[in-house]
Amino acid sequence: MARTARILGLATAMAGVIVDQAHKAWMLGPYAIDEKGRVAVTPYFDLVMVWNRGVSYGLLSQDGDLGRWLLILFGIGGAILFGIWLWNTRRLLSALALGLVIGGAISNVIDRLVHGAVADFFLFHAGGFEWYVFNLADVWIVAGVIGLLLAWATERREIATEA
């Protein structure tokens with residue numbers, strides 16, 4: 001089971017990178033979101049173009065090359081650490097969740113390498129409140145963290161009974 005989980009986790013990471021990068025290429029290319037400005041999709045959801053030079057919520061925003069490279073190294077380091085965890089996991093849910101986190105991290109690193117910042121497009125809002133702008137890679141990371149929490153909550157009982 002460990003080998004299957006590992007392979008599926010790696011496949012999830014690769015699929016995450018491919019889907020996110022394809023979506024970004026479409027949004028920046030043929031769809032030309034930067035020329036359209038804010039596009040209302042629903043009364044509470046818009047497509048926008050934001051170049052995020054920081055991390056989540058725009059925290060640690062970096063305008064210089066040093067900060068950009070530090071965030072790139074941080075993303076690569078995180079992907080490596082989660083990759084080691086993936087390599088050692090035997091559980092499918094954990095492997096899939098780790099694959100999502102790795103795929104999201106790598107895809108955002110690719111943006112920083114290619115564009116100097118991460119391309120974000122999705123904006124939820126309601127009654128004057130606007131949530132932060134995000135992309136599919138961010139969705140993968142959040143879903144992966146939720147998956148890891150679920151794995152921790154459910155699989156620890158299974159592991160305890162196996163011991």
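**Close-up views of a predicted model**

View 1. Leaving aside neighbours within four places in sequence, aspartate 111 is in contact (heavy atoms within 4.5 Å) with Gln21, Lys24, Gly116, Ala117, Val118 and Ala119. The structure is a predicted model, in which local features need pLDDT of at least 70 and side-chain atom pairs count only at pLDDT 80 or more, while totals for chains, interfaces and linings use all residues. Residues are numbered from 1 along each chain as its sequence is written, and side-chain values use heavy atoms, with hydrogens and water left out. Helices are DSSP runs of H or I with at least four residues, numbered from the N terminus. Aspartate 111 has a relative accessible area of 1% and is therefore buried (under 20%; exposed is over 50% and partly exposed in between, with a 1.4 Å probe and protein chains only).

**View 2. A network of salt bridges linking Asp20, Lys24 and Asp111.** A salt bridge is a side-chain nitrogen of Lys or Arg within 4 Å of a carboxyl oxygen of Asp or Glu. Aspartate 111 forms one with lysine 24, the closest N and O atoms being 2.7 Å apart; this pair links distant parts of the chain, with aspartate 111 in helix H4 and lysine 24 in helix H1, 87 residues apart. The side chains of aspartate 20 and lysine 24 also meet in a salt bridge, at 2.6 Å from N to O, and these two residues lie four residues apart in helix H1 (residues 2-28), about one turn of the helix. Lysine 24 counts as buried because its relative accessibility is 2%.

**View 3. Serine 107 in helix H4 (residues 92-115).** With a relative accessible area of 0%, serine 107 is buried. Beyond its neighbours within four places in sequence, serine 107 is in contact with Val17, Asp20, Gln21, Lys24 and Ala137. Although 87 residues separate serine 107 from aspartate 20 in sequence, their C-alpha atoms are 6.8 Å apart in space. After H4 comes glycine 116, whose phi is positive, near 85 degrees.

**View 4. The salt bridge between aspartate 46 and arginine 38.** The closest N and O atoms of this pair are 2.5 Å apart. Aspartate 46 is buried, its relative accessible area being 5%, whereas arginine 38 is partly exposed at 45%. A search of the whole structure finds four salt bridges.
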